[in-house]
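Have the structure open as you read.

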Amino acid sequence: MDYLLLGEIAQAMKYINIKGYLFDLDEPVVMGILNVTPDSFYAESRKQNRDDIDRRITTILHEGGKIIDIGGYSSRPGAAHVSDEEERQRLKPGLDHLKKYFPDVIVSIDTFRADIACWAVEEYGVAIVNDISGGGMDEKMFQTIARLQVPYILTHLRGTPQMVQQDSDYNDMIEEMMLFFADKLHRMQLLGVNDIILDPGFGFGKTVDQNYELMRTLPEFQIFERPLLVGVSRKRMIYDFLECDIEDSLSGTTVLHTFALIHGANILRVHDVIHAVEAVKIISKLKK
C-alpha cells in the first residue's frame, strides 16, 4: 500500500457524526467505562448507587475522557444472563444522572439489545451504540441503528458473552475477522448506516496468544477506512500473561494502549482514564 493511499485512509477516518456535529478523531480520544453492574470482571469499575455513579462520571471527565460508555450487562465470561427489564433498571439511575447533570457529555450505551439501544437513544439522548455482539445477538439491531442514525460500534465476537473463552478455534483468525467486518459493513451500508466504528473484540473468543497476534496486526484493519476502537483495559491477556492480579495490570494496560495508538487506534475504551489520556498526549506529541 503506497503512502498516498494511507493518507487518504487516515483522512477518511478522522470524523464521526454525533448529533449533527462532526466529532474529530484525528487525535485519539479516551472512552471511560461506567459499569452499573454487580458483576463486571474488574471489581473497582462497578458503580451502582448514585453517589458512586456521580463520582465516576466526574472522574472520567476531570481526567480528560471524551466519551462515557455505560453498560448494564456484564460481558465477563460466566456472568449471569439478565433480562431486558433488569438491564434497563440497572442502566436507568446512571442515564437519569447523565441526562440531568451532564447533558452535553457524549454517552455510549453498551448493549447488544436493540430495544435497550432505542430506549437509551430516544429517552436519554445517548449518542453512540456499542454492541459487543456485532449485531449477532439481536436481529433487529442493524435496522434499529439505521432508523436511529447514531454511530455504531461494531465488535467482532464469536458466540455469546458467557461463552467467549470457549470459541477460539480459528483456521485463520485475521482472515475470518476481515470477512466478518466486510460482511457486516456491507449489510449496514445497504441500510444507510454511515458512522461505524470497528472494535476487534480483544478478549472475545480469542486466547491470550491470539489477542497478541491481533494486536500485532492492528494496522491491517485500516483497510476498512473506519475509526478503530481498542478495548484491552485490565483484560486477561495482560494479567494472565504477566502472571499478576487484575489490580496490578495497569502498567501492562498502558503498554498495550501505547502500542495501539502507534498502530492506528482512534478510541481507547478504559477503566483508568488519566493514564490513557497521558498516553494519547505523548504519542500525539511524538507524531507531530
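Which residue in S8 does threonine 155 stand opposite? That would be aspartate 199. Keep in mind that this is a predicted model.

## Strand S7 and its partners

Threonine 155 belongs to strand S7, which covers residues 152-155. On one side of the story is S8 (residues 196-199), which pairs with S7 in the parallel sense over four bridges. S7 also pairs with strand S6 (residues 128-131), again in the parallel sense, this time over three bridges. Here the bridge partner of aspartate 131 is leucine 154 of S7. To get from S6 to S7 the chain passes through helix H5 (residues 141-148), and this β-α-β crossover is right-handed.

Now for the side chains. In a regular strand they alternate between the two faces of the sheet. In S7, Tyr152 and Leu154 point one way, while Ile153 and Thr155 point the other. Whichever way they point, all four are buried.

## Helix H5, the crossover helix

How many of the eight residues of H5 are buried? Six of them are, so the helix is largely enclosed by the rest of the structure. The buried set consists of Met141, Phe142, Thr144, Ile145, Ala146 and Leu148.

## The protein as a whole

Zooming out, the protein has ten helices and ten strands. Of its 288 residues, 56% are buried. If you take the contacts with a separation of 6 or more, 69% are between residues 24 or more positions apart. The exposed surface comes to about 13300 Å², and carbon and sulfur atoms supply 50% of that.

The mean pLDDT is 89, and 87% of the residues reach 70 or more. Where should you be careful? Look at residues 1-11, where pLDDT stays under 50. For this stretch the model has four contacts beyond four places in sequence. Where pLDDT is low, the predicted coordinates should not be read in detail.

How values were computed: Residues are numbered from 1 along each chain as its sequence is written. This is a predicted model: local features need pLDDT of at least 70, side-chain atom pairs count only at pLDDT 80 or more; totals for chains, interfaces and linings use all residues. Side-chain values use heavy atoms; hydrogens and water are left out. pLDDT is the predictor's confidence in each residue, from 0 to 100. Contact means heavy atoms within 4.5 Å. Helices (H or I, at least four residues) and strands (E, at least two) are DSSP runs, numbered from the N terminus. Buried means under 20% relative accessible area, exposed over 50%, partly exposed in between (1.4 Å probe, protein chains only). Accessible areas come from the Shrake-Rupley method with a 1.4 Å probe; for residues, only the protein chains shown count as cover. Two strands pair if DSSP finds at least two bridges between them. A crossover is right-handed if, with the strands pointing away from the viewer, the path from the first strand over the helix to the second runs clockwise.
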